[in-house]
Amino acid sequence: MIRFVSENVNQTEELGKKIASVLKGTEVLAMFGDLGAGKTAFTRGLASGLGFKCGVSSPTFAIVNEYSAKFNIYHFDMYRITSEDDLYSTGFYDYLDNGVIVIEWSENIEYALDDKAIRIKIEKSDDENVRIFTIEGLDDYENIIA
Ligand SMILES: Nc1ncnc2c1ncn2[C@@H]1O[C@H](COP(=O)(O)OP(=O)(O)O)[C@@H](O)[C@H]1O
Ligand SMILES: [Mg+2]
């Protein structure tokens, strides 16, 4: 398990970039955390690390944004997904194994995650710029945070 304390939004983006550098192309990264936790900021860093230089924002209404980079990236926002039928309709199951899947509001679809999913919990703290990351399911973590 990795614990990482981010002191500002840039450090969160940098963490996303570092994690991008160890991805093989079909990982599922499931993020947990409230509004404003930094899920989109982390995803922006990750996409940038994979060579995607355009805008990254929460796909709250679109549900999924696709970014074409070193790997295809499927960026989901599950905020409005409240049933398994909803999830099925997003095409989520078709995207698995076709690219890197990054999920905001994984709380809503936790039943659909398998054991291989990389779980990223982001918590706010008393300091408004500090976020505590807890990451499970990622190997080689010494190299990532170093
Ligand atoms: N350490 C930090 N990491 C990430 N975001 C931070 C941090 N400190 C402050 N922020 C701010 O918190 C907000 C995070 O927004 P965003 O990434 O859209 O969150 P989410 O997608 O989880 O709702 C941004 O306004 C960002 O500037
Ligand atoms: Mg977001």
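**Entry 1: a pairing in the sheet**

I began with leucine 29 and found its bridge partner in E6, isoleucine 118. I note at once that this is a predicted model. E2 and E6 run parallel, and four bridges join them.

I then looked at the other side of the pairing list for E2. Strand E2 covers residues 28-32 and strand E5 covers residues 100-104; the two pair in the parallel sense over three bridges. One bridge partner I checked was that of valine 28, which is isoleucine 101 in E5.

**Entry 2**

Next I wrote down the strand order. The sheet is open, has seven strands and reads E1-E7-E6-E2-E5-E4-E3, with mixed pairing. Which strands sit at the edges? They are strand E1 (2-6) and strand E3 (64-68), and each of them pairs on one side only.

Helix H1 (residues 9-20) touches E1 and strand E7 (131-136). The direction of H1 makes about 145 degrees with that of E1. Helix H2 (residues 39-49) touches E2, E3, strand E4 (72-77), E5 and strand E6 (118-124). The direction of H2 makes about 165 degrees with that of E5.

**Entry 3: E4 and its two partners**

I followed E4 to both sides. With E3, the pairing is antiparallel and runs over five bridges. E3 and E4 form a hairpin, with three residues between them. With E5, the pairing is parallel, and five bridges join the two strands.

A reminder to myself: strands of a sheet pair through backbone hydrogen bonds, either parallel or antiparallel.

Asparagine 65 stands opposite histidine 75 of E4. Histidine 75 also stands opposite valine 102 in E5.

How many of the six residues of E4 are buried? The count is five, so E4 is largely enclosed by the rest of the structure.

**Entry 4: the chain as a whole**

The protein chain holds five helices and seven strands. Along the sequence, the pattern is β-α-β-α-β-β-α-α-β-β-β-α.

Then I checked the size. The C-alpha atoms fill a box of roughly 40 × 35 × 30 Å along the principal axes. What radius of gyration would a compact globule of 146 residues have? It would be near 15 Å, and the protein chain has 14 Å, which agrees.

Burial and contacts came next. Of the 146 residues, 36% count as buried. I also looked at contacts between residues at least 6 apart in sequence. Of these, 68% join residues at least 24 apart.

**Entry 5: around ligand 1**

I listed the surroundings of ligand 1. The shell has 17 residues, and the closest are Thr12, Gly38, Lys39, Thr40 and Ala41. H1 and H2 each supply at least two residues of this shell. By class, the shell divides into four nonpolar, ten polar and three charged residues.

**Entry 6: two residues in one loop**

I finished in the loop between E5 and E6. Tryptophan 105 has its place there. Is tryptophan 105 buried or exposed? It is buried, because 21 other C-beta atoms lie within 10 Å and the cut-off for buried is 20 or more. Leaving aside neighbours within four places in sequence, tryptophan 105 is in contact with Asp77, Met78 and Tyr79. I also took one distance: the C-alpha atoms of tryptophan 105 and serine 89 are separated by 17 Å, and the two residues are 16 apart along the chain.

Alanine 112 is found in the loop between E5 and E6 as well. With 19 C-beta neighbours inside 10 Å, alanine 112 counts as partly exposed. Which residues does alanine 112 contact, once neighbours within four places in sequence are left aside? They are Leu87 and Phe92. From alanine 112 to glycine 137 I read 16 Å, C-alpha to C-alpha, for residues 25 apart in sequence.

Key
Residues numbered from 1 in each chain as written. Chains lettered and ligands numbered in written order. Predicted model: local features only at pLDDT ≥ 70, side-chain atom pairs only at ≥ 80, totals over all residues. Pairing = 2+ DSSP bridges. Contact = placed C-beta atoms within 7 Å. Axes fitted to C-alpha atoms, helices over the stretch in contact; angles between N-to-C directions. Buried ≥ 20, exposed ≤ 12 C-beta atoms within 10 Å, placed from the backbone. Rg over C-alpha atoms; globule rule 2.2 N^0.38 Å. Near = placed C-beta within 6 Å. Nonpolar A, V, L, I, M, F, W, Y, C, P; charged D, E, K, R; others polar.
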